[in-house]
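Dear colleague,

I am handing over the structure we spoke about, with some notes to read alongside it. Please look through the sequence and the coordinates before you turn to the text below.

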Amino acid sequence: MNLTHPFFDADGDKLREECGIFGVIGAKDAASITALGLHALQHRGQEACGIVSVDGADFYARRGIGHVAQVFSGPPIFAELPGTMASGHVRYSTTGGQGLRNVQPLHADLARGAFSIAHNGNISNAMALKRELVNKGSIFQSTSDTEVIIHLIATSRYPTLLDRFVDALRMVEGAYSLICTTPKRMVACRDPLGIRPLVMGKMGDATIFASETVALDVIGADFVREVEPGEIVEVRIDGRITSHRPFGKHAARPCIFEHVYFSRPDSVTGDRSIYEVRKQIGVELAKEAPADADIVIPVPDSGVPAAIGYAQQSGIPFELGIIRSHYVGRTFIQPEDGARHADVKRKHNANRALVAGKRIVLIDDSIVRGTTSLKIVQMMRDAGAAEVHMRVASPPTSNSCFYGVDTPERSKLLAARMDIQGMAEFIHADSLAFVSIDGLYRAVGEPKRDASKPSHCDACFTGDYPTRLTDLAEKESPDQLSLAVDELI
């Protein structure tokens with residue numbers, strides 16, 4: 001990722017969900033409802049967004065770089081997006097790259113009709129598939145792995161779009177939640193392991209699909225159920241709903257990091273409140289890694305629920321020892337190293353009067369490269385903290401994700417390079433501890449992790465990848481799909 005890109009995290013030190021998707025069929029002002037839903041999912045992708053609407057015959061699209069409120073800023077824009085059906089997307093770039101050509105939903109016109117696709121996830125054999133498609137004459141307009149699905153649909157020999165859709169998905173590996181729109185129907189599906197999330201709701205006669213339940217709450221829709229792993233839900237324009245299960249039955253492996261960080265705390269997944277799970281992670285962390293300290297301080301905002309749980313279990317008072325600025329624009333361009341290194345200070349500031357002289361337990365959701373943790377620990381020491389004990393509400397992140405999460409390569413992950421003592425020394429903490437993998441599973445309601453059949457995808461912690469990783473096995477970078485074309489020219 002380009003360091004001068006306006007949406008770059010100066011340290012690259014937070015795991016980021018690649019994107020969020022939203023769709024509605026059977027509603028007046030479908031595009032404006034979609035924009036509101038995307039706004040609730042903005043945390044899942046802040047680089048770019050797009051909406052495609054359908055009026056029963058034609059498709060209308062608007063895409064842009066920036067936040068939802070910037071790209072969809074008022075009634076004149078929604079007047080250009082008519083129809084009772086719309087789908088939308090917010091994104092970070094992992095597979096593919098930055099630029100308007102990769103902003104979704106992507107649209108295609110085929111001989112048998114037009115359709116658009118919004119995709120959350122990552123196709124782990126996209127480069128191999130793209131090479132085959134290019135050899136057969138396909139011409140790609142983007143570097144997104146989503147376009148691979150479009151070309152697989154276009155080249156399928158099955159007669160109906162739904163059959164082509166299924167045929168295409170049988171060829172892909174990895175993780176996906178998809179919303180596909182045609183002039184007369186909307187089709188939503190999850191990969192057979194359910195790695196990426198997707199829920200279904202109702203608002204009057206309208207049917208809604210979204211990455212998280214919070215998007216249903218914000219638009220006033222009722223939660224119906226999760227789209228099940230491997231399920232394809234087809235909703236016709238007249239409201240009829242049909243469920244298809246063409247991929248057989250598989251043991252579900254939803255991403256466990258949704259509980260730790262990705263989902264908004266006011267969402268619900270797997271019938272469990274994200275907020276309550278995060279508090280319980282803090283409880284488990286306090287049991288496993290107690291500290292002799294005066295106050296518990298969260299790294300805002302993601303460390304707050306776990307810090308509350310830690311404080312309640314340990315009896316150590318919870319305090320806001322770090323104050324976060326909510327006015328740091330994500331479009332701030334940092335022109336040189338000095339400004340880049342000041343990024344943490346712009347976002348967070350120590351509550352000096354509270355911290356000075358105290359032994360503190362500092363709670364964060366994860367450590368990726370360790371650079372942010374180093375700066376925050378130093379901030380606490382500069383504010384006069386007597387001791388800084390770092391506690392992390394996830395196991396060590398020692399492996400990269402290939403299922404739609406923006407993680408550094410493994411050699412840049414702190415936990416892949418050092419043991420816990422080495423990591424503690426690197427961030428200059430008096431002590432460092434992570435919740436165990438079994439503790440994390442207990443927090444989500446299970447006795448422990450069953451290594452023979454884990455119920456979640458936890459590969460970033462364990463290295464246990466639930467699918468084949470064809471592109472990785474071929475030693476090709478999964479974030480540079482254009483290489484597959486370049487090699488053939």
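This is a predicted model: local features need pLDDT of at least 70, side-chain atom pairs count only at pLDDT 80 or more; totals for chains, interfaces and linings use all residues.

The protein chain has an average pLDDT of 89, and 88% of the residues score at least 70. Residues 329-341 have a pLDDT below 50, and this stretch has 24 contacts in the model beyond near neighbours in sequence. Over residues 1-11 the pLDDT likewise stays under 50, and the model has 35 contacts beyond four places in sequence for them.

Turning to the helix pair, helix 5 (residues 146-155) packs with helix 6 (residues 161-169) at an angle of about 125°, their axes being 8 Å apart, which means that helix 5 is oblique to helix 6. The crossing of these two helices, helix 5 and helix 6, is right-handed. On the side of helix 5 the contact involves Ile149, Leu152, Ile153 and Ala154, which meet Leu161, Arg164, Phe165, Ala168 and Leu169 in helix 6. By class, the residues of this contact comprise 8 nonpolar, no polar and 1 charged.

The residue I would point you to is Ile281, which lies in helix 9 (residues 274-288). Ile281 counts as buried because its relative accessibility is 1%, where the cut-off for buried is under 20%. Apart from neighbours within four places in sequence, Ile281 is in contact with Val260, Ala393, Val435, Leu440 and Ala443. Ile281 and Ser394 are 113 residues apart along the chain, while their C-alpha atoms are separated by 8.0 Å.

Note on methods:
Residues are numbered from 1 along each chain as its sequence is written. Side-chain values use heavy atoms; hydrogens and water are left out. Axes are lines fitted to C-alpha atoms, for helices over the stretch in contact, and angles run from 0 to 180 degrees between N-to-C directions. Helices (H or I, at least four residues) and strands (E, at least two) are DSSP runs, numbered from the N terminus. Angles under 35 degrees count as roughly parallel, over 145 as roughly antiparallel, 65 to 115 as roughly perpendicular and the rest as oblique. A crossing is left-handed if the near helix is turned anticlockwise from the far one by less than a right angle, and right-handed if clockwise. Contact means heavy atoms within 4.5 Å. Ala, Val, Leu, Ile, Met, Phe, Trp, Tyr, Cys and Pro count as nonpolar, Asp, Glu, Lys and Arg as charged, and the others, Gly among them, as polar. pLDDT is the predictor's confidence in each residue, from 0 to 100. Buried means under 20% relative accessible area, exposed over 50%, partly exposed in between (1.4 Å probe, protein chains only).
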